[in-house]
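Work through the exercises below with the sequence and the model open beside you. Try each task before you read its solution.

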Amino acid sequence: MKIEPTFGSAEGGVERGAVSAADEPSEKSALETVVGDRFSTYCHFWRLDDAAGRAPRRWHWPAFLFSSLWFFFRRMPVWGTIWFIVPPLAMTTFTLMGLPWLAAVGFVVCRVLAGILANSLYLSHCRRIVRKVNAGHGGAHRRHAELQKAGGVSYTALVIALAVTASQNTLINLAVRSMPKETPMQSSVHLPANRPDPDLEYAEREAYEEELRAIAMTAWPAGVAADGNVCIVEPRLTPPGKVLDANVLEPCTLDEAQRERLLLEIRRTDFTVEGKMRFFTRHTVIGLRG
């Protein structure tokens with residue numbers, strides 16, 4: 001009698017697959033195991049009981065207030081490292097560039113991004129743990145143990161992150177303070193290289209004004225006596241001494257024709273005085289008198 005072979009192994013494989021699927025926990029219960037004690041809070045943040053399937057809430061205060069420390073505490077080292085490096089690097093760069101206001105803006109922006117993205121990032125992190133454990137381990141007890149091991153919080157990571165953050169802040173402060181401070185540049189046109197004695201400065205300014213007056217007197221109208229006459233002119237200059245325009249101010253004893261001749265010559269005159277450019281002003285008033 002011929003005995004036909006049976007394929008009990010295949011039936012057994014199907015049965016074991018069914019048992020394995022039955023042992024696999026629901027996503028919500030698996031997430032509860034991963035998160036731990038605060039699951040009810042995160043269940044609310046993630047809207048897991050929302051029938052409409054809406055996205056997680058877009059604000060998380062602990063992530064906003066503590067950023068990288070919160071990510072390390074929740075066992076998300078990659079995101080913790082990003083928030084640990086990028087904000088201080090940006091702030092230090094902007095500070096060294098002389099833009100402290102932009103450093104403050106960068107700090108606030110990074111904190112706000114952490115608060116907005118934290119719930120979504122944490123949900124993705126926990127789901128990734130669940131998928132990895134379900135794919136790599138069989139048996140309800142084994143999966144539960146692995147989910148607990150991979151999830152939860154890490155006080156060790158938090159303490160290390162606090163210590164490194166304190167060291168980082170100290171190093172940044174030392175680096176900023178050790179940078180040489182730029183001394184304000186002095187203009188060779190308006191300020192002397194070495195500030196002289198006030199009395200000497202006043203005397204030199206008087207000498208400069210006398211030189212301007214002597215230059216202006218070369219434009220005095222020919223045939224008009226300087227003795228007994230007086231006229232005040234206001235030339236508008238451009239460095240080093242070119243005249244852009246000129247006006248006559250009162251008092252002036254010259255008649256209209258004489259004033260026009262005086263202004264015509266003033267506009268043609270060069271008022272450059274070598275070595276006295278630190279006293280130069282674009283608008284000056286010169287009194288002409290005999």
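**Exercise 1.** Find the helix that holds Gln 258, decide whether its side is buried or exposed, and list its contacts.

*Solution.* Begin with the helix: Gln 258 belongs to H11, which covers residues 256-268, where helices (H or I, at least four residues) and strands (E, at least two) are DSSP runs numbered from the N terminus. Next, take the accessibility: the relative accessible area of Gln 258 is 18%, so this residue is buried (buried means under 20%, exposed over 50%, partly exposed in between, with a 1.4 Å probe and protein chains only). Finally, leaving aside residues up to four places away in sequence, Gln 258 touches Pro 221 and Val 224, a contact being heavy atoms within 4.5 Å.

This is a predicted model, in which local features need pLDDT of at least 70 and side-chain atom pairs count only at pLDDT 80 or more, while totals for chains, interfaces and linings use all residues. Residues are numbered from 1 along each chain as its sequence is written, and side-chain values use heavy atoms, with hydrogens and water left out.

**Exercise 2.** Which cysteines does a disulfide join, and what is its handedness?

*Solution.* Apply the rule first: a disulfide is a pair of cysteine sulfur atoms within 2.5 Å, and the count comes to one. Cys 231 and Cys 252 form this pair, with an S to S distance of 2.3 Å. The pair links distant parts of the chain, since Cys 231 is in strand E1 (residues 230-238) and Cys 252 is in strand E2 (residues 242-252), 21 residues apart. The torsion about their S-S bond is about -95°, so the disulfide is left-handed. Both Cys 231 and Cys 252 are buried.
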